[in-house]
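Please look over the sequence and the model shown here before reading the report that follows.

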Amino acid sequence: MKFKLIFALLLLITINGFGQNLNMVIEVNERLVVGEIAGAYLNFENADGTKSRNLVGYHPGELRLQKEDWEKIKAESTKKITLTFDYYALKGKYYNSVNFGIEMQKHHFDKSYLILRVYDFRERKFRKRYGCLTDEKYIAELNFPQGGILIRCR
């Protein structure tokens, strides 16, 4: 009886398409993101030039992916994966938003955890610290076991 119940539960989860979540923490300008993002997508580009994007969820500590996302990540035809999201921050009495696009590699999804640190150059201290490394308006780093870190300009 117990075996049948466990089998039925596993079958139900498989049918509903729940996927494995990615252990991931997102920081923007050295502040843990606990709810200030919206419109988080994984954007996929295939070798033949076709593009697609899937909505993903984020809760501090995990990026919520569906089974379809994992299939696209593992597919040989997928050549580029980009995580995009809108970040909202209170500056004075106004909310500012910015869209970030972080390119990820397939091996990132195999790591036991990821820490995504994004530095927005609208804040001067981060522009001075990392601005020499890119011409973009922000820079991102992915930390994981045995991963590297950004080197400061000064």
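Which two cysteines form a disulfide, and how far apart are their sulfur atoms?

## The disulfide

In this predicted model, Cys-132 and Cys-153 form the disulfide, with their sulfur atoms 1.9 Å apart; the term is used for a pair of cysteine sulfur atoms within 2.5 Å. A search of the whole structure finds 1 disulfide, and the link of Cys-132 and Cys-153 is left-handed, with -105 degrees about the S-S bond. Cys-132 lies in the loop between helix 3 (124-130) and strand 10 (138-143), whereas Cys-153 belongs to the segment after strand 10, so the pair ties together parts that are 21 residues apart in sequence.

Cys-132 is exposed, at 54% relative accessibility, while Cys-153 is partly exposed, with a relative accessible area of 27%. Here buried means under 20% relative accessible area, exposed means over 50%, and partly exposed lies in between, with a 1.4 Å probe and protein chains only.

## Basis and overall layout

Residues are numbered from 1 along each chain as its sequence is written, and side-chain values use heavy atoms, with hydrogens and water left out. Because this is a predicted model, local features need pLDDT of at least 70 and side-chain atom pairs count only at pLDDT 80 or more, whereas totals for chains, interfaces and linings use all residues.

The protein has 3 helices and 10 strands, which from the N terminus on run α-β-β-β-β-β-β-α-β-β-β-α-β; these are DSSP runs, with helices (H or I) of at least four residues and strands (E) of at least two, numbered from the N terminus. Buried residues make up 33% of the 154 residues.

## The nonpolar cores

A nonpolar core is a set of buried Ala, Val, Leu, Ile, Met, Phe, Trp, Tyr and Cys residues joined through side-chain atoms within 4.5 Å. The largest has 31 residues, of which Met-24 and Phe-85 touch the most other members. Elements that each supply at least two residues of this core include strand 1 (22-28), helix 2 (67-74) and strand 8 (94-104), and strand 7 gives the most, with 5 residues. Apart from this core lies another, of 6 residues, among them Tyr-119, Phe-126, Tyr-130 and Ile-139.

## Thr-82 in strand 7

Thr-82 is found in strand 7 (residues 78-91) and is buried, with a relative accessible area of 15%. Leaving aside neighbours within four places in sequence, Thr-82 is in contact (heavy atoms within 4.5 Å) with Tyr-41, Leu-42, Asn-43, Gly-101, Ile-102 and Glu-103.
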